[in-house]
Amino acid sequence: MPKYTAGLYLAIRLTESKAHLFLFLTILAYSLSLASYVRLLYSGRETAGRIATALLALGLITHYFALLERARGLHTVPYHDLYGSMSLFGWLLALTYLTLEVYLRQRSVGAFVLPFVLGFFLAAHLAPADRLSPTPAHGPVFAFHVTLSILAYAAFALSFVVSLIFLVQNRFLRNRKMAGLVWRLPSLELLERMSRASVLIGLISIAIGTVLGFIWVDRLTGQYWYYDPKYVITLLVLLLYAMYWLLARTTAWRGARASRLCIFNFVVVVLSFTVVNLYLSHSHRYF
Amino acid sequence: MEIVLVGLNHRTAPLEVRERVSFTAEQARRASGELRARGLLEETLVLSTCNRSEVYGVARETARECAPGVTSFLSEFHSVGADILGSSLYHHYDRHAVRHLFRLSGGLDSMMLGEAEILGQVREAYRFAHEHGATGPVLNRLFQGALEVGKRIRTETELGARPMSVAAAGVKLAERIFGKLSDRTALVLGAGTISEQVVAMLRHRGVGNLLVMNRSQEHAESLAQRFGARVIEWGRWEDALLVSDVLVTSVAANQPVLPKSVLEMAMNARGNRALFAMDLGLPRNIEATAADVYNVYVYNIDDLSGIVQQNREARESEVPRAESIVDLVRDLRARVREERGSFLRARLDSIGHLTEGQRQEIETLVDDVLEKLLIGPAERLRGERELRRKIQNVEALRDLFLSGREKP
């Protein structure tokens, strides 16, 4: 033991099993990626940005295997428990962000998204996992229902982060206070496009996810509709985001007002999977 | 054989003196030729910009001995009294001259720190002198090195990354709102010199459409013609503001030309599409309270000057990094020159029977070899587009040539 420094000891402990190896690699990749994104933001060096993107992609791969190993170890699907759901959420958030980054060729938002990804991953995987009773996977319809819904929430979370950045950048520009950050953050136009693209991903996946949910309930119980408060709030979320998507593009609300609406919408989403899931709904536990 | 530099710049000489000592291209060629014809210098290069006039040369004897000759030549050539010149001129020799040129090429010596023009001016002066056979192996190497350093300073530091003029600051700000300007329309009120600067900058940044509005239709048309813009009749705010995203005003008027109410109306008609306004008028052309209108971003001349000032300070903080690049290349070259000197001394002295001519031939031979060895890789480095590989190569060069020496 005296031979090893504490960090090395930890690294060796973590790599003892395959699951630990992936855990360790994912944390490493995400952390270094975050560091590179922050460096990009401060120095404006393109090389830092490319490294950050590559590390994020690597993190996504190892995170996937970490999820797989976790599911194997616990003999269950990721979304069966809270921690698994959080990890899956982090993975989909990173995936959505990476897609948008490649699509819009804009990296400076990464520094603000990666902390969330890393946070969800750490919270999910470093928490002591309960011994869960093995559960049936419920089939592909249910799996898609859950995964698409989580993807939608991840996309909404991303639009939330981007809208916050929009408001900060907008405040700088409106008040003519030129922090150095102004020159590094994306333009307002691009931030708006990013947020809207992200919301669109969310809208499509929550719509499909919800339909699949109804199909699954139908198969399970033989009836399409039985009342669950989750339906109401999901419908509300859908409407609010559709409203944002339209307002941000075509009306007098475009700009800061639309961004505030987007932030408000995410508050409703958070309510949906805290208050509603915990106290009101009986069929939706974690998302 | 030593490098000598005699010159003056905006720090050492007032404008009146700089004007009298400046060179046109033709004068530069003539002065250069005379300096060589008189046997003062073997190679010459005259660099003359609005902020400096400098003569670079390779001394036949020692640099210190020929500097007074160059000074009196300048006094004679421009008919400026030696007393006036004496207090303005600076002299640099060898590595100090090299360092001076490298810093200058990177914009570290400029009045506006980090400006880009100087590198082009150095390149042009070098090309001109080279074409007329004024330079030789030493100055060729020196200036190729300087161009490389200047380019590296631009690409590898923050110098030059931020806007440094009011017009540039305004246009860059517009890009913080709209992103690329290629599908945007700019409306310019006024057709004076300031408007022209901004119009040139907007065109440079690829703005999609340009509209010009001026009280005097004639001036508007002349400006529009030069920059491919469309003229709109003065006062037709609704039409003009409906389609414009960027608004530039520079009109001489005692009252604001654009009251808040007009902008409010325009924003209504635009469905609140963002409008960025640069008010360069003094007194202001846009009513101060117009900044409160939703999605209108108004910047006046003070706001923009403030940004330029901030960026100047930010640039100054980048100077140490730029200096370290100067140091690396300078060390490399100093090392090679040193090696060459000691090599020649040791070898040539042991061969006693050489005539002066043969000695010079051998020296030229060694120079040619060094040229091949150093300039070849340097050329490739210059051509290397990818910065990462470029830096790796520079590191490799450092290891090869400077190993065992203390790194700067």
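Which residues of β9(B) are buried on one side, and which on the other? In this predicted model, B:L275, B:A277 and B:D279 are buried on one side, while B:F276 and B:M278 are buried on the other.

View 1. Strand β9 of chain B covers residues 275-279. Five of its five residues are buried, so the strand is largely enclosed by the rest of the structure. Both faces of β9(B) are covered.

**View 2. The strands that pair with β9(B).** Strand β8 of chain B, residues 246-249, pairs with β9(B) in the parallel sense over four bridges. In this pairing B:T249 stands opposite B:D279. Strand β10 of chain B, residues 296-300, also pairs with β9(B) in the parallel sense, over five bridges. Here B:D279 stands opposite B:N300.

**View 3. A β-α-β unit in chain B.** β8(B), helix α12 and β9(B) make a right-handed β-α-β unit. The helix spans residues 260-269 of chain B.

**View 4. The site of B:S195.** B:S195 lies in helix α9 of chain B, which runs over residues 193-204. Its relative accessibility is 0%, so B:S195 counts as buried. Apart from neighbours within four places in sequence, B:S195 is in contact with B:V188, B:L189, B:G190 and B:S250.

View 5. A:C262 is buried, with a relative accessible area of 0%. B:C66 has a relative accessible area of 7%; the limit for buried is under 20%, so B:C66 is buried. A disulfide is a covalent bond between the sulfur atoms of two cysteines. Over all chains, the structure holds zero disulfides.

Notes. Residues are numbered from 1 along each chain as its sequence is written. Chains are lettered from A and ligands numbered from 1 in the order in which they are written. This is a predicted model: local features need pLDDT of at least 70, side-chain atom pairs count only at pLDDT 80 or more; totals for chains, interfaces and linings use all residues. Side-chain values use heavy atoms; hydrogens and water are left out. Helices (H or I, at least four residues) and strands (E, at least two) are DSSP runs, numbered from the N terminus. Buried means under 20% relative accessible area, exposed over 50%, partly exposed in between (1.4 Å probe, protein chains only). Contact means heavy atoms within 4.5 Å. A disulfide is a pair of cysteine sulfur atoms within 2.5 Å. Two strands pair if DSSP finds at least two bridges between them. A crossover is right-handed if, with the strands pointing away from the viewer, the path from the first strand over the helix to the second runs clockwise.
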